[in-house]
Amino acid sequence: MTTRVWDYLPEYAEESEDILDAVRTVFESGQLILGPSVAGFEEEFAAYHGMPHCVGVDNGTNAIVLGLRALGVGPGDEVVTVSNTAAPTVIAIDQIGAVPRFVDVREDDYLMDVGAVRDAITERTKCLLPVHLYGQCVDMAPLRAVADEAGIPVFEDCAQAHGARQDGRLAGTFGDAAAFSFYPTKVLGAYGDGGATISARPETDAALRRLRFYGMEDVYYVVETPGYNARLDAVQAEILRRKLTRLDSYTEGRRAVAARYAEALGDTELVLPTVNPGNEHVHYVYVVRHPERDRILTALKAHDIALNISYPWPVHTMKGFAHLGYGAGDLPVTEKLAGEIFSLPMYPSLPTSVQDRVIAALREVLGAG
Ligand SMILES: *Cc1c(COP(=O)(O)O)cnc(C)c1O
(Lines give C-alpha, C1' and ligand atoms only; values in the text may rest on other atoms or scores of the structure.)
Protein backbone atom coordinates (compact mmCIF):
# COMPACT_ATOMS: atom_id res chain seq x y z
CA MET A 1 0.00 0.00 0.00
CA THR A 2 1.28 3.44 -0.87
CA THR A 3 2.31 5.45 2.17
CA ARG A 4 0.54 8.78 2.28
CA VAL A 5 1.40 11.96 4.15
CA TRP A 6 -2.02 12.15 5.76
CA ASP A 7 -4.88 9.75 6.48
CA TYR A 8 -7.93 10.31 8.67
CA LEU A 9 -9.04 6.69 8.78
CA PRO A 10 -6.91 5.63 11.79
CA GLU A 11 -8.39 8.53 13.77
CA TYR A 12 -11.89 7.68 12.61
CA ALA A 13 -11.42 4.08 13.70
CA GLU A 14 -10.72 5.39 17.22
CA GLU A 15 -13.34 8.14 17.33
CA SER A 16 -16.17 6.91 15.11
CA GLU A 17 -18.65 6.45 17.94
CA ASP A 18 -18.27 10.05 19.06
CA ILE A 19 -18.25 11.41 15.49
CA LEU A 20 -21.42 9.53 14.55
CA ASP A 21 -23.05 10.60 17.80
CA ALA A 22 -22.30 14.21 16.83
CA VAL A 23 -24.02 13.67 13.47
CA ARG A 24 -27.03 12.09 15.20
CA THR A 25 -27.21 14.97 17.71
CA VAL A 26 -27.60 17.51 14.92
CA PHE A 27 -29.98 15.43 12.82
CA GLU A 28 -32.24 14.92 15.85
CA SER A 29 -32.01 18.55 17.05
CA GLY A 30 -34.59 19.93 14.65
CA GLN A 31 -32.19 22.69 13.58
CA LEU A 32 -29.96 22.08 10.59
CA ILE A 33 -28.66 25.61 9.93
CA LEU A 34 -26.70 27.48 12.63
CA GLY A 35 -28.50 26.52 15.88
CA PRO A 36 -27.05 25.25 19.17
CA SER A 37 -24.15 23.23 17.71
CA VAL A 38 -22.73 26.20 15.82
CA ALA A 39 -23.32 28.59 18.73
CA GLY A 40 -21.82 26.05 21.13
CA PHE A 41 -18.73 25.54 19.03
CA GLU A 42 -18.24 29.29 18.63
CA GLU A 43 -18.45 29.77 22.38
CA GLU A 44 -16.08 26.90 23.13
CA PHE A 45 -13.54 27.83 20.46
CA ALA A 46 -13.49 31.45 21.69
CA ALA A 47 -13.11 30.24 25.29
CA TYR A 48 -10.26 27.87 24.33
CA HIS A 49 -8.42 30.94 23.06
CA GLY A 50 -9.53 33.30 25.81
CA MET A 51 -10.90 35.56 23.07
CA PRO A 52 -14.30 37.23 23.40
CA HIS A 53 -15.68 36.38 19.95
CA CYS A 54 -15.78 33.58 17.39
CA VAL A 55 -17.82 33.23 14.21
CA GLY A 56 -18.02 29.86 12.45
CA VAL A 57 -17.78 30.01 8.68
CA ASP A 58 -17.77 27.54 5.82
CA ASN A 59 -14.02 27.27 5.24
CA GLY A 60 -10.67 28.86 6.03
CA THR A 61 -10.52 30.88 2.84
CA ASN A 62 -13.77 32.62 3.70
CA ALA A 63 -12.59 33.03 7.30
CA ILE A 64 -9.89 35.28 5.78
CA VAL A 65 -12.21 36.97 3.25
CA LEU A 66 -14.80 37.84 5.89
CA GLY A 67 -12.19 38.71 8.50
CA LEU A 68 -10.43 41.18 6.21
CA ARG A 69 -13.71 42.82 5.31
CA ALA A 70 -14.79 42.95 8.96
CA LEU A 71 -11.51 44.72 9.76
CA GLY A 72 -12.37 47.32 7.13
CA VAL A 73 -10.05 46.15 4.34
CA GLY A 74 -11.49 46.80 0.89
CA PRO A 75 -10.70 47.31 -2.79
CA GLY A 76 -7.31 48.90 -3.44
CA ASP A 77 -6.12 48.51 0.15
CA GLU A 78 -2.77 46.79 0.64
CA VAL A 79 -2.24 43.77 2.88
CA VAL A 80 1.31 42.78 3.85
CA THR A 81 1.77 39.00 3.85
CA VAL A 82 4.03 36.21 2.53
CA SER A 83 4.13 34.27 -0.72
CA ASN A 84 5.42 31.19 1.12
CA THR A 85 1.91 30.09 2.13
CA ALA A 86 -1.05 28.10 0.94
CA ALA A 87 -2.56 29.89 -2.07
CA PRO A 88 -5.90 30.55 -0.23
CA THR A 89 -4.20 33.20 1.95
CA VAL A 90 -3.55 35.23 -1.18
CA ILE A 91 -6.77 34.23 -2.97
CA ALA A 92 -8.74 35.72 -0.06
CA ILE A 93 -6.91 39.05 -0.24
CA ASP A 94 -7.25 39.17 -4.01
CA GLN A 95 -10.93 38.21 -3.92
CA ILE A 96 -11.99 41.34 -2.04
CA GLY A 97 -10.04 43.54 -4.43
CA ALA A 98 -7.27 44.22 -1.93
CA VAL A 99 -3.62 44.00 -2.98
CA PRO A 100 -1.17 41.55 -1.38
CA ARG A 101 2.28 43.01 -0.69
CA PHE A 102 4.75 40.20 -0.14
CA VAL A 103 7.72 40.13 2.18
CA ASP A 104 10.19 37.27 1.96
CA VAL A 105 10.56 34.53 4.57
CA ARG A 106 13.54 33.56 6.70
CA GLU A 107 15.66 30.68 5.52
CA ASP A 108 15.88 28.96 8.90
CA ASP A 109 12.20 28.77 9.88
CA TYR A 110 10.36 29.56 6.59
CA LEU A 111 8.30 32.23 8.39
CA MET A 112 7.58 35.88 7.57
CA ASP A 113 10.72 38.02 7.86
CA VAL A 114 9.23 40.45 10.34
CA GLY A 115 12.25 42.73 9.98
CA ALA A 116 11.21 43.42 6.37
CA VAL A 117 7.62 44.39 7.16
CA ARG A 118 8.13 48.06 8.01
CA ASP A 119 9.61 48.76 4.56
CA ALA A 120 6.64 47.06 2.88
CA ILE A 121 4.13 49.39 4.51
CA THR A 122 2.76 52.28 2.44
CA GLU A 123 -0.03 54.74 3.12
CA ARG A 124 -2.42 52.29 1.45
CA THR A 125 -1.52 49.43 3.81
CA LYS A 126 -4.60 48.47 5.85
CA CYS A 127 -3.59 45.18 7.45
CA LEU A 128 -0.66 42.90 8.32
CA LEU A 129 -1.43 39.23 7.67
CA PRO A 130 1.17 36.87 9.18
CA VAL A 131 0.85 33.16 8.41
CA HIS A 132 1.84 30.77 11.20
CA LEU A 133 3.15 28.38 8.59
CA TYR A 134 3.51 24.64 9.24
CA GLY A 135 2.33 25.12 12.85
CA GLN A 136 4.80 27.63 14.29
CA CYS A 137 4.10 31.26 15.20
CA VAL A 138 5.63 34.21 13.39
CA ASP A 139 7.51 36.57 15.79
CA MET A 140 4.42 38.39 17.04
CA ALA A 141 5.83 40.97 19.48
CA PRO A 142 7.92 42.84 16.87
CA LEU A 143 5.14 42.47 14.28
CA ARG A 144 2.59 43.92 16.67
CA ALA A 145 4.95 46.81 17.40
CA VAL A 146 5.24 47.64 13.68
CA ALA A 147 1.44 47.43 13.29
CA ASP A 148 0.79 49.68 16.29
CA GLU A 149 3.31 52.22 15.06
CA ALA A 150 1.53 52.29 11.67
CA GLY A 151 -1.93 52.20 13.29
CA ILE A 152 -3.11 49.16 11.32
CA PRO A 153 -4.64 45.85 12.44
CA VAL A 154 -2.96 42.44 12.55
CA PHE A 155 -4.95 39.50 11.16
CA GLU A 156 -3.41 36.09 11.83
CA ASP A 157 -3.75 33.20 9.38
CA CYS A 158 -3.92 30.32 11.88
CA ALA A 159 -5.08 27.69 9.38
CA GLN A 160 -2.01 25.60 10.22
CA ALA A 161 -1.51 26.55 13.85
CA HIS A 162 -4.42 25.45 16.07
CA GLY A 163 -3.02 25.17 19.59
CA ALA A 164 0.42 26.56 18.72
CA ARG A 165 1.87 28.92 21.30
CA GLN A 166 4.45 31.68 21.57
CA ASP A 167 5.68 32.77 24.99
CA GLY A 168 2.75 30.82 26.42
CA ARG A 169 0.13 32.58 24.31
CA LEU A 170 -2.02 30.80 21.75
CA ALA A 171 -1.78 31.54 18.04
CA GLY A 172 -4.73 33.73 17.14
CA THR A 173 -4.64 35.79 20.33
CA PHE A 174 -1.95 38.28 19.29
CA GLY A 175 -3.88 40.05 16.54
CA ASP A 176 -7.10 41.99 16.14
CA ALA A 177 -8.59 38.87 14.58
CA ALA A 178 -7.48 35.45 13.38
CA ALA A 179 -8.68 32.99 10.76
CA PHE A 180 -8.80 29.21 11.17
CA SER A 181 -9.50 26.41 8.72
CA PHE A 182 -10.95 23.07 9.75
CA TYR A 183 -10.19 21.40 6.44
CA PRO A 184 -9.83 17.72 7.35
CA THR A 185 -6.00 17.63 7.23
CA LYS A 186 -5.62 20.55 9.64
CA VAL A 187 -4.54 20.18 13.26
CA LEU A 188 -8.21 20.57 14.22
CA GLY A 189 -9.99 19.05 11.24
CA ALA A 190 -13.67 18.60 10.47
CA TYR A 191 -15.19 15.75 8.46
CA GLY A 192 -15.63 18.11 5.55
CA ASP A 193 -15.07 21.85 5.19
CA GLY A 194 -15.20 24.41 7.98
CA GLY A 195 -13.58 27.58 9.26
CA ALA A 196 -13.80 30.25 11.94
CA THR A 197 -12.67 33.77 12.65
CA ILE A 198 -11.97 34.80 16.22
CA SER A 199 -11.81 38.48 17.07
CA ALA A 200 -11.12 40.92 19.85
CA ARG A 201 -13.81 43.59 19.34
CA PRO A 202 -17.62 43.43 19.27
CA GLU A 203 -17.87 45.49 16.07
CA THR A 204 -15.59 43.05 14.24
CA ASP A 205 -17.74 40.18 15.51
CA ALA A 206 -20.97 41.89 14.44
CA ALA A 207 -19.58 42.55 10.97
CA LEU A 208 -18.51 38.91 10.64
CA ARG A 209 -21.97 37.67 11.64
CA ARG A 210 -23.61 39.91 9.03
CA LEU A 211 -21.13 38.99 6.32
CA ARG A 212 -21.59 35.22 6.74
CA PHE A 213 -25.40 35.62 6.65
CA TYR A 214 -25.92 37.40 3.31
CA GLY A 215 -25.19 40.76 4.92
CA MET A 216 -28.36 40.68 7.00
CA GLU A 217 -28.63 42.08 10.47
CA ASP A 218 -31.34 42.03 13.13
CA VAL A 219 -34.15 42.25 10.64
CA TYR A 220 -33.97 39.19 8.42
CA TYR A 221 -34.39 39.86 4.71
CA VAL A 222 -32.93 43.35 5.00
CA VAL A 223 -29.47 43.76 3.56
CA GLU A 224 -27.43 46.85 4.31
CA THR A 225 -24.17 45.71 2.76
CA PRO A 226 -24.29 42.59 0.57
CA GLY A 227 -22.46 39.70 2.21
CA TYR A 228 -22.06 35.99 1.60
CA ASN A 229 -23.66 32.70 2.47
CA ALA A 230 -20.67 31.45 4.43
CA ARG A 231 -22.10 29.65 7.46
CA LEU A 232 -20.33 26.85 9.31
CA ASP A 233 -22.38 23.67 8.81
CA ALA A 234 -24.07 22.46 12.00
CA VAL A 235 -22.87 18.86 11.60
CA GLN A 236 -19.28 19.98 11.20
CA ALA A 237 -19.69 22.34 14.17
CA GLU A 238 -20.88 19.51 16.43
CA ILE A 239 -18.01 17.26 15.27
CA LEU A 240 -15.58 20.12 15.92
CA ARG A 241 -16.96 20.59 19.45
CA ARG A 242 -16.12 16.97 20.20
CA LYS A 243 -12.70 17.19 18.57
CA LEU A 244 -11.83 20.49 20.29
CA THR A 245 -11.81 18.62 23.61
CA ARG A 246 -9.02 16.45 22.13
CA LEU A 247 -7.05 19.22 20.42
CA ASP A 248 -4.24 19.22 22.97
CA SER A 249 -3.84 15.45 22.64
CA TYR A 250 -3.67 15.83 18.84
CA THR A 251 -0.86 18.36 19.14
CA GLU A 252 0.96 16.12 21.63
CA GLY A 253 0.65 13.25 19.16
CA ARG A 254 2.10 15.40 16.40
CA ARG A 255 5.00 16.47 18.61
CA ALA A 256 5.74 12.83 19.40
CA VAL A 257 5.85 11.99 15.67
CA ALA A 258 8.14 15.00 15.10
CA ALA A 259 10.43 13.93 17.94
CA ARG A 260 10.80 10.46 16.41
CA TYR A 261 11.74 11.96 13.03
CA ALA A 262 14.28 14.25 14.68
CA GLU A 263 15.78 11.32 16.55
CA ALA A 264 15.95 9.05 13.50
CA LEU A 265 17.01 11.58 10.85
CA GLY A 266 19.08 14.07 12.83
CA ASP A 267 22.37 12.62 11.55
CA THR A 268 21.40 12.76 7.84
CA GLU A 269 21.87 15.53 5.25
CA LEU A 270 18.22 16.56 5.61
CA VAL A 271 17.57 19.95 7.14
CA LEU A 272 14.93 19.26 9.78
CA PRO A 273 12.40 21.79 11.15
CA THR A 274 13.62 24.13 13.86
CA VAL A 275 11.53 25.38 16.75
CA ASN A 276 12.24 28.98 17.72
CA PRO A 277 12.79 29.83 21.40
CA GLY A 278 9.47 30.49 23.10
CA ASN A 279 7.51 28.65 20.40
CA GLU A 280 5.42 25.52 20.85
CA HIS A 281 5.22 24.03 17.36
CA VAL A 282 2.17 21.92 16.44
CA HIS A 283 3.72 20.40 13.29
CA TYR A 284 0.77 20.69 10.93
CA VAL A 285 3.21 19.45 8.32
CA TYR A 286 6.73 18.14 8.91
CA VAL A 287 8.78 19.95 6.30
CA VAL A 288 12.37 18.92 5.57
CA ARG A 289 14.80 20.31 3.08
CA HIS A 290 17.48 18.98 0.72
CA PRO A 291 19.06 20.50 -2.41
CA GLU A 292 18.37 17.25 -4.33
CA ARG A 293 14.71 17.12 -3.36
CA ASP A 294 13.40 15.91 -6.71
CA ARG A 295 15.87 13.01 -6.90
CA ILE A 296 14.91 11.96 -3.35
CA LEU A 297 11.18 12.05 -4.05
CA THR A 298 11.63 10.00 -7.25
CA ALA A 299 13.71 7.42 -5.41
CA LEU A 300 11.10 7.20 -2.61
CA LYS A 301 8.39 6.46 -5.19
CA ALA A 302 10.25 3.22 -5.97
CA HIS A 303 9.67 2.35 -2.29
CA ASP A 304 5.96 3.09 -2.81
CA ILE A 305 6.22 6.23 -0.68
CA ALA A 306 4.48 9.30 -2.09
CA LEU A 307 5.34 12.54 -0.32
CA ASN A 308 3.91 16.05 -0.63
CA ILE A 309 5.50 19.43 -1.12
CA SER A 310 4.01 22.33 0.85
CA TYR A 311 4.37 24.26 -1.41
CA PRO A 312 6.09 23.55 -4.74
CA TRP A 313 5.23 26.86 -6.44
CA PRO A 314 5.46 30.20 -4.64
CA VAL A 315 2.17 32.04 -4.97
CA HIS A 316 3.79 35.17 -6.46
CA THR A 317 5.11 33.18 -9.44
CA MET A 318 1.73 31.60 -10.28
CA LYS A 319 0.06 32.54 -13.56
CA GLY A 320 -3.16 33.37 -11.72
CA PHE A 321 -1.39 36.09 -9.76
CA ALA A 322 0.58 37.63 -12.63
CA HIS A 323 -1.61 40.74 -12.26
CA LEU A 324 0.05 41.43 -8.89
CA GLY A 325 3.21 42.35 -10.76
CA TYR A 326 5.64 39.98 -9.04
CA GLY A 327 7.95 37.59 -10.83
CA ALA A 328 10.79 35.13 -10.40
CA GLY A 329 13.67 36.68 -8.47
CA ASP A 330 11.50 39.01 -6.35
CA LEU A 331 11.46 36.77 -3.25
CA PRO A 332 14.69 34.79 -3.42
CA VAL A 333 14.38 32.82 -0.17
CA THR A 334 10.77 31.79 -0.88
CA GLU A 335 11.76 30.70 -4.39
CA LYS A 336 14.83 28.76 -3.24
CA LEU A 337 12.88 26.92 -0.53
CA ALA A 338 10.16 25.89 -2.99
CA GLY A 339 12.73 23.85 -4.89
CA GLU A 340 14.16 22.09 -1.84
CA ILE A 341 11.39 21.34 0.65
CA PHE A 342 9.18 18.29 1.03
CA SER A 343 6.89 16.94 3.73
CA LEU A 344 7.05 13.66 5.63
CA PRO A 345 3.88 11.85 6.75
CA MET A 346 2.44 13.67 9.75
CA TYR A 347 -0.74 13.14 11.72
CA PRO A 348 -1.25 12.25 15.38
CA SER A 349 -2.41 8.70 14.70
CA LEU A 350 0.37 7.97 12.20
CA PRO A 351 1.21 4.30 12.83
CA THR A 352 4.78 3.80 14.07
CA SER A 353 5.26 1.07 11.48
CA VAL A 354 4.48 3.51 8.68
CA GLN A 355 6.82 6.12 10.12
CA ASP A 356 9.59 3.55 10.42
CA ARG A 357 9.15 2.53 6.79
CA VAL A 358 9.51 6.14 5.69
CA ILE A 359 12.56 6.66 7.90
CA ALA A 360 14.27 3.49 6.62
CA ALA A 361 13.57 4.35 2.97
CA LEU A 362 14.82 7.92 3.45
CA ARG A 363 18.03 6.76 5.12
CA GLU A 364 18.65 4.36 2.24
CA VAL A 365 17.96 6.97 -0.43
CA LEU A 366 20.22 9.45 1.39
CA GLY A 367 22.99 6.85 1.65
CA ALA A 368 22.82 7.03 5.44
CA GLY A 369 22.31 3.28 5.79
C1 LIG B 1 -5.76 25.51 4.56
C2 LIG B 1 -5.31 26.91 4.54
C3 LIG B 1 -6.17 27.97 4.18
C4 LIG B 1 -7.53 27.76 3.59
O5 LIG B 1 -8.40 26.97 4.31
P6 LIG B 1 -9.61 26.21 3.57
O7 LIG B 1 -10.43 25.71 4.68
O8 LIG B 1 -9.00 25.12 2.75
O9 LIG B 1 -10.33 27.20 2.72
C10 LIG B 1 -5.70 29.27 4.31
N11 LIG B 1 -4.45 29.51 4.74
C12 LIG B 1 -3.59 28.53 5.05
C13 LIG B 1 -2.22 28.89 5.53
C14 LIG B 1 -3.97 27.20 4.94
O15 LIG B 1 -3.11 26.23 5.26
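This note sets out points on the cysteines, the strands and the helix packing of the structure above.

1. Basis. The model is predicted: local features need pLDDT of at least 70, side-chain atom pairs count only at pLDDT 80 or more, and totals for chains, interfaces and linings use all residues. Residues are numbered from 1 along each chain as its sequence is written, and side-chain values use heavy atoms, with hydrogens and water left out.

2. Cysteines. With a disulfide taken as a pair of cysteine sulfur atoms within 2.5 Å, the count is 0 disulfides. Cys127 is in no disulfide, and the nearest cysteine sulfur, that of Cys158, lies 12 Å away. For Cys137 the closest cysteine sulfur is also in Cys158, at 7.0 Å, which is too far for a bond. Cys127 counts as buried because its relative accessibility is 0%; Cys137 is buried as well, with a relative accessible area of 0%. Buried here means under 20% relative accessible area, exposed over 50%, and partly exposed in between (1.4 Å probe, protein chains only).

3. Helices (H or I, at least four residues) and strands (E, at least two) are DSSP runs numbered from the N terminus, and two strands pair if DSSP finds at least two bridges between them. An open sheet of 4 strands has the order 1-9-8-5, with mixed pairing. Strand 1 (53–57) and strand 5 (155–157) are the edge strands, each pairing on one side only. From one strand to the next, the twist averages 20°. Strand 5 runs parallel to strand 8 (residues 177–181), and 3 bridges join them; Asp157 has Ala179 in strand 8 as its bridge partner.

4. Strands 11 and 12. Strand 11 (residues 286–289) is covered on both faces: Tyr286 and Val288 are buried on one side, Val287 and Arg289 on the other. Strand 11 and strand 12 (residues 341–344) run antiparallel and are joined by 4 bridges. The bridge partner of Arg289 in strand 12 is Ile341.

5. Helix packing. Helix 10 (residues 293–302) packs against helix 12 (residues 352–365) at an angle of about 125°, their axes being 10 Å apart. Axes are lines fitted to C-alpha atoms, for helices over the stretch in contact, and angles run from 0 to 180 degrees between N-to-C directions. The two helices, helix 10 and helix 12, are therefore oblique to each other, since angles under 35 degrees count as roughly parallel, over 145 as roughly antiparallel, 65 to 115 as roughly perpendicular and the rest as oblique. Arg295, Ile296, Ala299 and Leu300 of helix 10 meet Ala361, Leu362 and Val365 of helix 12, contact meaning heavy atoms within 4.5 Å.
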